[in-house]
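Open the model in your viewer and keep the selection panel at hand. We will go stop by stop.

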Amino acid sequence: MDYDIYKTIIILNPKIKDPKKQFKELQEMYKKFSHAHKKKVGYQNLGEKKLVYKIKEYKTGYYLQFQWAGTLDEVVETERQLRINDAVIKFITIKLDEEDDYDLPDLDDASEPDHPVKPDALDVLLGFAEYKKEVK
């Protein structure tokens, strides 16, 4: 196996004029790398959420998650493209241990969810989302 499975969490500027266009551009970037390794791309649009702390004077941002297959060189290239993208205010890419960790819907099959998805523990740990304890 000449690739690894990665998860990238991206926060987009909440004031971008056409978020759907930006989502599509990012989807195409990850599809290009993942499909080259004959693997699916997992994707979730978590919607606009309040940030735990301000990033570049923004209090909210559009959260996206991608799970994709790629090499280290492809990670470097995707991160370079994210850095020069004015719509991206923050991102992080992590390598997943096993392909079994592939828990996002397939980009080719999935449409955007109608409602925001609850952030997972990784999002909270990395400061991308706020932990809210449910009171019963």
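Start with Tyr62. This is a predicted model, and in it Tyr62 has a relative accessibility of 16%, so this residue counts as buried, the cut-off being under 20%. Tyr62 sits in strand β3.

**Stop 1: the partner of Tyr62**

Phe23 belongs to helix α1, 39 residues away from Tyr62, and the pair links distant parts of the chain. Phe23 is buried, at 4% relative accessible area. How are the rings of Phe23 and Tyr62 arranged? Their centres are 6.1 Å apart and the planes meet at 80 degrees, so the pair is edge-to-face.

**Stop 2: a second ring pair**

Now pick Tyr30 and Phe66. Here the ring centres are 4.6 Å apart and the planes are at 25 degrees, so this pair is stacked. A stacked pair needs planes under 30 degrees apart. Tyr30 lies in helix α1 and Phe66 in strand β3, 36 residues apart, so to speak of distant parts of the chain is to follow the pair itself. Both Tyr30 and Phe66 are buried.

Together with Tyr30 and Phe66 they form one aromatic cluster. How many aromatic pairs are there? The count comes to six.

**Stop 3: helix α1**

Colour the buried residues of α1: Pro19, Gln22, Phe23, Leu26, Gln27, Met29, Tyr30, Phe33 and Ser34. They cover an arc of only 160 degrees around the axis, which puts them on the same side of α1. The spacing has a simple background: an α-helix has 3.6 residues a turn, so residues three or four places apart point the same way.

What do the buried residues of α1 pack against? Show β1, β2, β3 and α2. Then turn to the face directed away from the buried side. There you find the exposed residues Lys20, Lys24, Lys32 and Ala36.

Step past the end of the helix. Lys38 follows α1, and its phi is positive, near 55 degrees.

**Stop 4: helix α2**

Select residues 72–84. These 13 residues should span 18 Å at 1.5 Å a residue, and the end C-alpha atoms of α2 are 19 Å apart, which agrees.

**Stop 5: Lys56**

Finish in the loop between β2 (42–55) and β3, where Lys56 is found. Is Lys56 buried or exposed? Lys56 is exposed, with a relative accessible area of 54%.

Show its contacts. Leaving out residues up to four places away in sequence, Lys56 touches Val88 and Ile89. Then draw a distance to Lys90. Lys56 and Lys90 are 34 residues apart in sequence, yet 9.3 Å apart in space, C-alpha to C-alpha.

Note on methods
Residues are numbered from 1 along each chain as its sequence is written. This is a predicted model: local features need pLDDT of at least 70, side-chain atom pairs count only at pLDDT 80 or more; totals for chains, interfaces and linings use all residues. Side-chain values use heavy atoms; hydrogens and water are left out. Helices (H or I, at least four residues) and strands (E, at least two) are DSSP runs, numbered from the N terminus. The expected span of a helix is 1.5 Å times one less than its number of residues. Buried means under 20% relative accessible area, exposed over 50%, partly exposed in between (1.4 Å probe, protein chains only). Contact means heavy atoms within 4.5 Å. Rings of Phe, Tyr and Trp (its six-membered ring) pair if their centres lie within 6.5 Å; planes under 30 degrees apart count as stacked, over 60 as edge-to-face and the rest as tilted. The arc is that of the directions from the helix axis to the C-beta atoms.
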